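Visitor: I'd like a close look at just one part of this structure. Could you take me through it slowly?

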Amino acid sequence: MDEPAGSTQRSRVEVHMAEVVIATRAKDYAQWYQDVIAAAELAEAAGVVRGCMVVRPHGWAIWEKIQAELDRRFKETGHQNAAFPMLIPLSFLQKEAQHATGFAMECAVVTHAGLRAVDGKIELKSELEEPYVVRPTSETIIGHFFAKWIDSYRDLPLLLNQWCSVMRWELRTRLFLRTAEFWWQEGHTAHASHEDALEEVLRMLEVYRDVYENVLAIPVIKGIKTANERFAGALETYCVEALMQDGKSLQGATSHDLGQNFGRAFNVTFQNKEGVRDFVWQTSWGCTTRTIGALIMVHSDDNGLVLPPKVAPIHVAIVPIYRKDEEKERVLEVAHRIARELREDGLVVKVDDREGMKPGAKYYEWERKGVPLRVEVGPRDIEANTVVAKLRACDDQKKTIPMASLGVEVGKLLDFLQKALYDRALAFRTANTVHVDSWSDFVDVFKDERNSKFVYAHWDGTTETELAIKEATKATIRCIPLPDQGLTVEPGKCVKTGNPSAQRVLFAKNY
RNA sequence: CGGGGCGUGGCUCAGCUUGGCUAGAGCGCUGCGUUCGGGACGCAGAGGUCGUAGGUUCAAAUCCUAUCGCCCCGACCA
């Protein structure tokens with residue numbers, strides 16, 4: 001950088017004044033991601049527990065919003081919530097071979113029960129006869145209970161979901177994206193036919209798409225995973241994939257067609273209408289706290305977190321501005337009155353009446369926390385019977401709004417932002433999606449470490465080629481897009497081998 | 001789990017190479033006063049077993065060993 005002498009010193013002072021420093025995306029994307037989380041007080045590494053995170057109140061509030069949107073849709077589609085043990089007998093995990101090997105490396109295991117004090121030191125007391133695995137997912141233990149509960153076709157479909165945390169002993173962790181413990185929901189259903197199960201798989205995939213696009217304002221591609229990327233123990237894994245600002249893909253949610261694999265493993269059988277006993281057809285589907293990572297990486301900017309109004313824990317922050325005590329009294333009264341009015345419209349409103357903090361400092365704080373709309377109220381506004389409003393992103397202009405139409409205007413602004421964020425994310429994806437037909441072009445697209453893309457290219461359908469492409473470019477097949485995803489299904493030649501290909505698939509580097 | 005980096009008040013760091021004063025700074029925090037339409041200022045304060053455990057030494061934040069945690073790259077994965 002060609003900076004004039006002394007400017008480093010000056011900018012250092014500014015950084016200190018800024019109090020919270022967020023790296024820019026262009027300079028260090030990974031650092032920026034962590035800074036946004038810290039600055040918005042979403043979460044932090046537990047530190048005392050390897051690989052685990054503490055989700056702080058503001059982060060958890062976002063998760064609660066996501067949960068509420070998903071849960072409502074699960075109920076609307078006939079599912080009930082339940083809870084199963086966090087500990088799973090080791091023997092259960094072994095019953096489905098694919099499943100067992102898929103999760104073997106990442107299981108935490110409970111081997112002891114009880115503690116005892118020996119010479120003032122705490123020791124493990126008794127070793128368990130059969131160790132328990134801390135659930136990495138619950139197909140096995142739920143399979144066990146399905147076997148108990150299901151006997152007739154009249155018991156089907158059985159449509160359950162549980163909200164819980166699971167543990168996978170990850171070797172490399174990143175807040176929200178990959179931690180040892182994470183929070184999620186896992187749906188588990190049993191059906192009388194493969195057709196019914198498949199319908200369920202697609203129904204729930206559509207729920208995820210709906211929440212991603214209409215609530216989180218994140219456009220997604222629906223698709224099927226390749227054999228290589230499939231859930232351990234599934235016949236087929238469906239997913240929604242989203243493009244992050246650094247060009248990498250993030251799997252937003254998955255929905256699995258488990259076929260009869262777990263039915264066989266756990267002997268989950270039922271008598272059909274003809275009196276013949278058969279194994280049930282199962283599905284499972286899940287969405288995790290990783291979604292918050294997607295929210296950060298799709299919408300947020302160098303000033304911090306940006307949240308679509310529908311998942312913002314606080315919709316409006318009102319900053320009062322005053323000099324003298326008598327101004328303060330009048331301004332706060334109006335601020336609280338406005339807050340009451342907006343709350344009647346169902347909005348969560350915060351009046352920031354903290355003393356000893358300049359308005360500007362408050363603006364920056366609410367901005368880095370992702371509050372969609374800031375309203376400023378000062379003596380001039382009261383005089384003119386207006387307020388000043390500023391959206392967090394997608395519109396840099398402050399707006400002056402008549403007090404009388406505040407409720408309507410705030411609603412409009414929030415709707416505008418919700419849509420603008422989606423449009424912006426979609427435009428970004430469109431601009432960063434390419435069709436590639438030659439191997440040299442393919443390699444070229446993924447050469448840049450800092451900015452990759454969504455690439456639609458032909459693939460010959462073999463795991464061998466898939467792995468060779470990954471080896472050469474670090475890009476993997478994120479999914480085979482479903483026919484309704486706007487991609488023309490046409491045959492061609494594999495970008496790597498030249499062998500026949502039925503359709504293009506989505507390649508990207510991924511999280 | 002392999003390679004690399006880093007652990008010093010709440011945060012960002014200086015001090016370590018070459019062991020030795022009472023372990024410092026800025027920001028933040030507390031109190032008081034003045035301020036307040038985009039990150040305020042003055043004065044007075046509080047706050048640290050230098051990640052942890054051993055070792056070397058008359059003496060360790062500093063040297064050695066082990067260990068834990070975090071960050072980056074890789075392999076693996078939601």
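Visitor: How many residues line the largest pocket, and which of them lie nearest its centre?

Guide: Happy to, and keep in mind that this is a predicted model. The largest pocket has 40 lining residues, and those nearest its centre are Arg-168, Arg-178, Phe-231, Gln-251 and Arg-290. The space inside comes to about 1100 Å³. By class, the lining has 16 polar, 13 charged and 11 nonpolar residues.

Now bring in the RNA. Arg-178 and Arg-290, which are among the residues nearest the pocket centre, also turn up among those that come nearest to RNA strand B, along with Arg-172, Thr-179 and Asp-381. Gln-251, another of the residues nearest the pocket centre, has a polar side-chain atom 2.8 Å from a sugar or linking oxygen of RNA strand B. For a phosphate contact, look at Lys-474: an N or O atom of its side chain sits 3.0 Å from a phosphate oxygen of RNA strand B. As for the RNA atoms within 4 Å of the protein, 46% are sugar or phosphate, and the rest belong to bases.

Notes
Residues are numbered from 1 along each chain as its sequence is written. Chains are lettered from A and ligands numbered from 1 in the order in which they are written. This is a predicted model: local features need pLDDT of at least 70, side-chain atom pairs count only at pLDDT 80 or more; totals for chains, interfaces and linings use all residues. Side-chain values use heavy atoms; hydrogens and water are left out. On a 1 Å grid over the protein atoms alone, a cavity is a set of points where a 1.4 Å probe fits but cannot get out, and a pocket is an open set with protein on both sides within 12 Å along at least five of seven lines; lining residues have an atom within 4 Å of a point. Grid points are joined across faces, edges and corners, and a volume is the space filled by probe spheres set on the points. Ala, Val, Leu, Ile, Met, Phe, Trp, Tyr, Cys and Pro count as nonpolar, Asp, Glu, Lys and Arg as charged, and the others, Gly among them, as polar. A residue is near a molecule or strand if one of its heavy atoms lies within 4 Å of it. A polar contact is a pair of N or O atoms within 3.5 Å; within protein, one must be able to donate a hydrogen and the other to accept it, and residues adjacent in sequence count only if both atoms are side-chain atoms.
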